[in-house]
Amino acid sequence: MSNKALKEYTLEEVSKHNNEGDLWIVIDSKVYDISRFANLHPGGPTVLFASGVAGKDATDAFFGLHRHEVLLRPQYKRLQIGTVSGQEEVIKPPVPGQLSMVPYAEPTWLTKGYYTPYYNDNHRRFQTAVREFMETVVKPESIRCEENGKRISQEVFEQLGDLGIIAMRLGPGKHLEGRTLMGGVTKPEEFDHFHELIVNVELARFGTRGVIDGLLAGCVIGLPPVLNYGSPELRAKIVPDVLSGKKFIALAITEAFAGSDVSGLQTTAVRDGDYWVVTGTKKWITNGTWADYFTTVCQTEGGYTVMLIERCDEISTKPIKTSYSSAAGTSYIVFNKVRVPVANTLGKVGAGMSVILSNFNHERWMILTTGLAAQRVVVEECLKWANQRIVFGKPLHAQPVMRAKLAQMISRVEASQNWLESITYQMNHMSYDEMSSKLAGPIALLKQFISLTGRQIATDASQVFGGRSLTVTGMGNIIENFHRTAGFDATLGGTEDILGDLGVRQAMKKMPQNARL
Ligand code: HEM
């Protein structure tokens, strides 16, 4: 119903409808006829007949128990029959694309009145366009897929492809040449790692951790070896379809036999004329359940070799059940004497380790950007909840223990943001080789820091939300998802302890020989 068709009522008129079969309430200036809905209400009918609710302004009671989006669902929206005369809506529904006004809900560069050394007007226009698209198209789909465990629809993947988002997730580079990015908001030559950071942040804000990986993390890590080491023929065959969202690729390294210790891999590739014959298994492969191509590391004579394997009858991919949604497509893969053309070899035979390692910094940077974005959303949720939740007659934030938790959360997110932007700035100014030698340590340490703070934030947030943080639906749904999945970032792309160790080893390598106290 459009606002024009709605009638105006006085509070006195509303108050007469307070019985079974004839029940109205007011929520934030809007009058709802819930006479028939009462028996269908998920919270039961009795709560709706309570004296402060039936026929009354139930705004505070409603927002103490429901998220705003409940009222926006079409089946509930149509319960509205009018507005209260002389009243205006105070609690505005979220508008897709809009920046949050909650303190610390946005990084400083997106907060009114603050300055930034890193971002320019192009980044701002780009951020607006990406957020609007993500919130309008990707968010509803993400919420559905996180719940039902299905992959994002083909239609949305192709929209991501058309806007250049799949390609942009790989960072700046030749693969962007000639592409129209976000409908022309940014030119390929303007696109830098801050644009890429914006894309990663904006797709990670929905409280749908499985979907973050489902939004083609497999391509971010699986396609670069093809771009950097594949023959022109192979690139021409694979890259256009993958970047347009028509075909999918996964990076198949880890095995039940080897995780962070990549040198324990057992999948073999044996040469037979112009083919490799690949036999073995891979485990925890993101996007593997639906991938058309697998960038795979195999043991060959002379060491490890990376090759692109196309899906065929000799490959089976089984979904692995994890504590996050199957929308990520996490899979167990069996290669049963798969014949792979030698022309699909990526890099030199026996030089597989350097092909894999060349990709790790970017992968870790990508993981920590989405991890941090999700943490900031949790901070926003907690600040809002601490403000609106009334306990012992006062808002939750009146309790010093709650303020102490919020202070810790905010500080962690702001510290990570500043470190991340500093590293991203370095990435923009360094050659690929410089990045490998100078940023592997800092990226590893920042990833360790962000995955650690993620788990600390998850623990604090669950205390702020109490029982609501345990339920998949309702007020604390974002906290529940975050709390359940925060540990993932401590494992993906190298475990937290190993990355901390790597950071320190890199530093020690650079210690001046004559350094003394
Ligand atoms: C148009 C009005 C209303 C609609 C459309 C509505 C809808 C819902 C929905 C969809 C849920 C399931 C949980 C969720 O998705 O958040 C729910 C739960 C609930 N509702 Fe309502 N509701 C309305 C008004 C009210 C009011 C005025 C009260 C006041 C007491 C109330 C009390 C509850 C309670 C106690 C629960 C269970 C909450 C929980 O499990 O934590 N509802 N409602």
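Tutor: A helix here is a DSSP run of H or I covering at least four residues, and a strand is a run of E covering at least two, both numbered from the N terminus. Keep in mind that the model is predicted.

Student: What share of residues 6-85 is helix, and what share is strand?

Tutor: Over residues 6-85 the chain is 22% helix and 25% strand. The unreviewed UniProt entry gives residues 6-85 the feature "domain: Cytochrome b5 heme-binding".

Student: Into which domains is the protein divided?

Tutor: The division gives domain 1 (3-84), domain 2 (108-215), domain 3 (243-350) and domain 4 (359-509). The centres of domain 1 and domain 3, taken over C-alpha atoms, are separated by 55 Å.

Student: How do I read a sheet, and in what order do its strands stand?

Tutor: Strands of a sheet pair through backbone hydrogen bonds, in a parallel or an antiparallel way. Here five strands make an open sheet with mixed pairing, in the order β1-β5-β4-β3-β2. Its edge strands, β1 (7-9) and β2 (18-19), each pair on one side only.

Student: Which way do β2 and β3 run, and how many bridges join them?

Tutor: They run antiparallel and are joined by two bridges; β3 covers residues 22-27. Asn19 stands opposite Asp22 in β3. Four bridges then join β3 to β4 (residues 30-33), again as an antiparallel pair, with Val26 opposite Val31 in β4. β3 and β4 form a hairpin with two residues between them, and Asp28 in the turn has a positive phi of about 45°. Next, β4 is joined to β5 (residues 80-84) by three bridges, antiparallel as well, and Val31 faces Gly82 in β5.

Student: Where is Lys337, and is it buried or exposed?

Tutor: Lys337 is in strand β12 (residues 331-341). The test counts other C-beta atoms within 10 Å, and 12 or fewer means exposed. Lys337 has 10 such neighbours, so it counts as exposed. Lys337 also has a positive phi of about 50°, although it is not a glycine.

Student: Where does Phe392 lie?

Tutor: Phe392 is in the loop between β14 (390-391) and β15 (394-395). Its phi is positive too, near 50°. Phe392 counts as exposed because it has 7 C-beta neighbours inside 10 Å.

Student: Which residues come nearest to the ligand?

Tutor: Of the 20 residues around the ligand, the nearest are Pro42, Gly43, Val47, Ala58 and Tyr76. By type, the shell holds 14 nonpolar residues, five polar and one charged.

Conventions:
Residues numbered from 1 in each chain as written. Predicted model: local features only at pLDDT ≥ 70, side-chain atom pairs only at ≥ 80, totals over all residues. Near = placed C-beta within 6 Å. Nonpolar A, V, L, I, M, F, W, Y, C, P; charged D, E, K, R; others polar. Domains from an automatic or database assignment. Pairing = 2+ DSSP bridges. UniProt positions renumbered as here; feature names shortened; annotations may be inferred. Buried ≥ 20, exposed ≤ 12 C-beta atoms within 10 Å, placed from the backbone.
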